[in-house]
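Trainee: I would like a close look at a single part of this model. Please pick one, and tell me what surrounds it.

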Amino acid sequence: MADTKDVVELILQDHRRMEDLFRRMRSVEDDRAGALREFAGLLIAHAQAEEAEVYPALKRYKKIDDEEVEHGEHEHDEGNEALLELLEVEEVGSDEWDSKLEELVEAVTHHADEEERTILNGARENVAMERREELGVAFVRERARQLNAGCGSVENVRKLVES
């Protein structure tokens with residue numbers, strides 16, 4: 001992870017980490033359950049921090065499409081639902097586990113790709129670096145708070161999905 005405060009770069013770093021964790025969850029030679037635990041915490045903390053600190057700030061910029069930001073929030077919900085389904089599978093590596101993993105990969109990859117092309121490119125082009133760094137500090141603080149609270153637990157993910 002590069003040492004940066006730029007919220008765009010921080011979000012991109014999380015996306016790349018998620019891709020790495022997907023590879024680990026697919027690998028029969030890796031600790032798939034451990035990778036899922038790390039992924040669950042990162043996904044939830046990342047999305048909660050975006051929704052609490054980044055998305056509301058970006059909605060204030062005229063050249064960043066509010067509908068794209070709101071769509072991103074909807075896609076977080078879809079990712080949370082797919083994550084919950086995978087967390088609830090009893091046997092790691094079973095056919096059901098592999099199937100639910102692919103649904104999760106599809107939901108999160110689609111969201112990350114869309115977010116990078118629309119919201120993050122818009123932020124990079126239209127938000128001053130000083131403001132992106134302020135948002136980055138707030139994003140990291142909220143993400144850490146979420147992780148420290150155990151946000152990736154199946155109980156918490158279930159609570160988020162049901163709310």
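Mentor: A helix here is a DSSP run of H or I with at least four residues, and helices are numbered from the N terminus. The model is a predicted one. Let us take helix 2, which spans residues 32-58.

Start with a single residue. Arg37 belongs to helix 2. Is Arg37 buried or exposed? Its relative accessible area is 58%. The cut-off for exposed is over 50%, so Arg37 counts as exposed. Now relate Arg37 to Glu19. The two are 18 residues apart in sequence, and their C-alpha atoms are 14 Å apart in space.

Take helix 1 to begin with. It covers residues 7-26. How do the axes of helix 1 and helix 2 cross? They come within 9 Å of each other, at roughly 155 degrees. Angles over 145 degrees count as roughly antiparallel, so helix 1 is roughly antiparallel to helix 2. The crossing of this pair is left-handed.

Which residues meet there? From helix 1 come Val7, Ile11, Asp14, His15, Arg17, Met18, Leu21, Phe22, Arg24, Met25 and Arg26. Helix 2 answers with Arg32, Ala35, Leu36, Glu38, Phe39, Leu42, Leu43, His46, Glu50 and Val54. Sorted by class, this contact holds twelve nonpolar, two polar and seven charged residues.

Now turn to helix 4, residues 95-126. Its axis is 13 Å from that of helix 2, and the two pack at an angle of about 30 degrees. Under 35 degrees counts as roughly parallel, so helix 2 is roughly parallel to helix 4. This crossing, too, is left-handed. On the helix 2 side the contact uses Arg32, Leu36, Phe39, Leu43, His46, Glu50, Tyr55 and Leu58. On the helix 4 side it uses Trp97, Asp98, Leu104, Val108, His111, Glu115, Ile119 and Ala123. Ten of the residues in this contact are nonpolar, two are polar and four are charged.

Next, the core. The largest nonpolar core has 24 residues. Phe22, Met25, Phe39, Leu83 and Leu104 have the most contacts inside it. Helix 1, helix 2, helix 3 (66-87) and helix 4 each give it two or more residues. Which of them gives the largest share? Helix 2 does, with eight residues.

Met25 shows how the pieces meet. Leaving out residues up to four places away in sequence, Met25 touches Arg32, Ala35, Leu36, Phe39, Leu86, Trp97 and Leu101.

One more neighbour remains. Glu142 sits in helix 5, residues 129-148. What does Glu142 touch, beyond residues up to four places away in sequence? Gln48, Ala49, Ala52 and Glu53. The relative accessibility of Glu142 is 11%. Buried means under 20%, so this charged residue counts as buried. Arg37, by contrast, is exposed.

Definitions and conventions:
Residues numbered from 1 in each chain as written. Predicted model: local features only at pLDDT ≥ 70, side-chain atom pairs only at ≥ 80, totals over all residues. Heavy atoms only, no water. Axes fitted to C-alpha atoms, helices over the stretch in contact; angles between N-to-C directions. Parallel < 35°, antiparallel > 145°, perpendicular 65-115°, else oblique. Left-handed = near helix turned anticlockwise from the far one by under 90°. Contact = heavy atoms within 4.5 Å. Core = buried A, V, L, I, M, F, W, Y, C linked by side-chain atoms within 4.5 Å. Buried < 20%, exposed > 50% of the residue type's maximum accessible area, 1.4 Å probe, protein only.
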